[in-house]
Amino acid sequence: MEKTAFWKQALVSAVLVGGAALAWHYRTDLQELWASTSATGQRQADASAQGEGTPVIVADVRQVQDDLAFSAIGTGFALRSVTLRAPSAGEVTALDIAPGAKFTAGDTLMQLDDTDERLAVDLAEARLERATSERDRYQALQDTGAAATARFEQAQTDFKVAQIELDQARADLADRTLRAPFDGVTGLASVETGDRIAADETVSSFDDRSRILVEFDLPEALLGRIEIGQSATATTPAAEGQTFDAEITAIDSRVDVSTRTARIRAAIDNAADTLRPGASFALRIDLPGKTYPAVPELALQFSRGALNVWRVTGGQAEQVTVRLVRRREGLVIVDGPISEGDHIVVEGTQRLREGVAVNVLNTATDGSS
């Protein structure tokens with residue numbers, strides 16, 4: 001028998017020493033691996049002791065409402081808003097418009113010089129008075145047969161013309177005064193007392209700020225979730241730190257073909273007059289949805305172009321195809337032929353086949369924790 005060469009003995013010794021050193025260096029990892037292997041063997045042994053079948057862990061299906069929180073940015077408008085314009089041309093003799101000044105419908109906002117118009121009213125009243133007297137006199141004579149019919153008809157015509165002239169004169173006089181069209185507040189005036197202005201010249205803005213209307217766009221996919229009277233909350237940089245209650249008051253009758261959105265209007269009570277038209281608003285609306293089954297994310301499997309889960313029925317595995325609706329907090333909302341309380345496999349899915357016997361190792365929960 002030949003003796004082993006010295007260099008071979010040295011090589012073997014070096015390998016043994018190196019292996020011992022590595023084992024010592026990774027002794028903690030080797031201990032954990034040994035413990036894991038022992039635990040796996042023990043679980044398999046327990047499963048075999050409990051009965052035949054692939055060991056799995058399951059969770060119960062639960063019902064979840066697919067509610068959404070929708071956020072949007074919109075612009076605020078006054079409940080009613082108009083631009084005040086001069087009703088006629090002339091010199092401004094009085095101006096009550098001031099930023100934020102409040103007025104009731106019919107209050108005088110601006111007065112133009114009306115000397116000529118007042119004189120015209122006086123003249124028209126005098127003519128009507130004379131025409132009325134003539135008509136009454138010829139009416140009396142007509143009854144006695146002393147007046148010609150033609151003269152009586154002329155007196156009636158003169159009376160009607162005088163009435164029209166008086167109405168016209170009074171209308172011209174009314175056009176010398178600019179009045180509040182409804183309860184509201186004025187903005188900055190663009191004229192001053194003493195200015196001469198033209199008819200229809202812009203004078204100021206006028207707003208009813210008792211409510212602020214906020215318009216925003218809603219995707220067409222969410223139109224079925226919103227309705228008139230639904231509540232929302234709103235915030236604006238113009239009132240930092242404050243939150244306002246809003247209510248949906250209008251939904252546009254059509255969807256914009258370019259954006260695939262519909263215009264929605266919400267109203268905010270502004271009795272305290274805190275908010276201003278033109279400000280930007282961030283709205284949040286809770287949109288209720290349908291109720292769907294929900295399973296843990298671990299239960300989902302994607303194979304052959306379909307999303308599936310494994311349901312345990314009568315001790316056997318059954319593959320069920322579902323449609324993903326939404327992910328939420330560790331759960332997946334799905335749509336498919338599964339019901340609340342069904343046992344869905346969350347661990348051990350890779351070893352399952354249709355109809356294979358399973359051995360459930362746990363008491364089912366909803367899998368949310």
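Colleague: Where is Asp273 placed?

Modeller: Asp273 sits in the loop between E13 and strand E14 (280-287); helices (H or I, at least four residues) and strands (E, at least two) are DSSP runs, numbered from the N terminus. Phi of Asp273 is near 55°, a positive value in a residue other than glycine.

Colleague: And what about Arg260, what is its phi?

Modeller: Arg260 is not a glycine, yet its phi is positive, about 55°. Arg260 belongs to the loop between strand E12 (244-251) and strand E13 (261-269). Its relative accessible area is 45%, so Arg260 is partly exposed, where buried means under 20% relative accessible area, exposed over 50% and partly exposed in between (1.4 Å probe, protein chains only).

Colleague: Before we go on, what should I keep in mind about the model?

Modeller: This is a predicted model: local features need pLDDT of at least 70, side-chain atom pairs count only at pLDDT 80 or more, and totals for chains, interfaces and linings use all residues. Residues are numbered from 1 along each chain as its sequence is written, and side-chain values use heavy atoms, with hydrogens and water left out.

Colleague: Fine. How many helices and strands does the protein have?

Modeller: There are 4 helices and 21 strands. Of the 369 residues in the protein, 33% are buried.

Colleague: Tell me about helix H4. What span should it have?

Modeller: H4 covers residues 149-174, and its 26 residues should span 38 Å at 1.5 Å a residue; the expected span is 1.5 Å times one less than the number of residues. The end C-alpha atoms are 38 Å apart, which agrees.

Colleague: Which residues of H4 are buried?

Modeller: They are Phe152, Ala155, Phe159, Ala162, Leu166, Ala169 and Leu173. An α-helix has 3.6 residues a turn, so residues three or four places apart point the same way.

Colleague: What lies over the face of Phe159?

Modeller: Arg135 does, at 4.0 Å from the ring centre. A charge sits over a ring if NZ of Lys or CZ of Arg is within 6 Å of the ring centre and within 35 degrees of the ring normal.

Colleague: How many aromatic pairs are there?

Modeller: The count comes to 2 aromatic pairs, with rings of Phe, Tyr and Trp (its six-membered ring) pairing if their centres lie within 6.5 Å; planes under 30 degrees apart count as stacked, over 60 as edge-to-face and the rest as tilted. One of them is Phe70 with Phe216, tilted, at 6.5 Å centre to centre and 35° between the planes. Phe70 lies in strand E3 (residues 68-85) and Phe216 in strand E10 (residues 202-219), so the pair ties together parts that are 146 residues apart in sequence.

Colleague: Switching to sheets: what is the strand order in the open sheet of 4 strands?

Modeller: The order is E7-E6-E4-E9, with antiparallel pairing. E7 (177-179) and E9 (196-197) stand at the edges with a single partner strand each, so one side of each has no neighbour in the sheet. Two strands pair if DSSP finds at least two bridges between them, and 2 bridges join E4 (residues 90-95) to E9.

Colleague: Which residue in E9 is the bridge partner of Gly90?

Modeller: That is Ile197.
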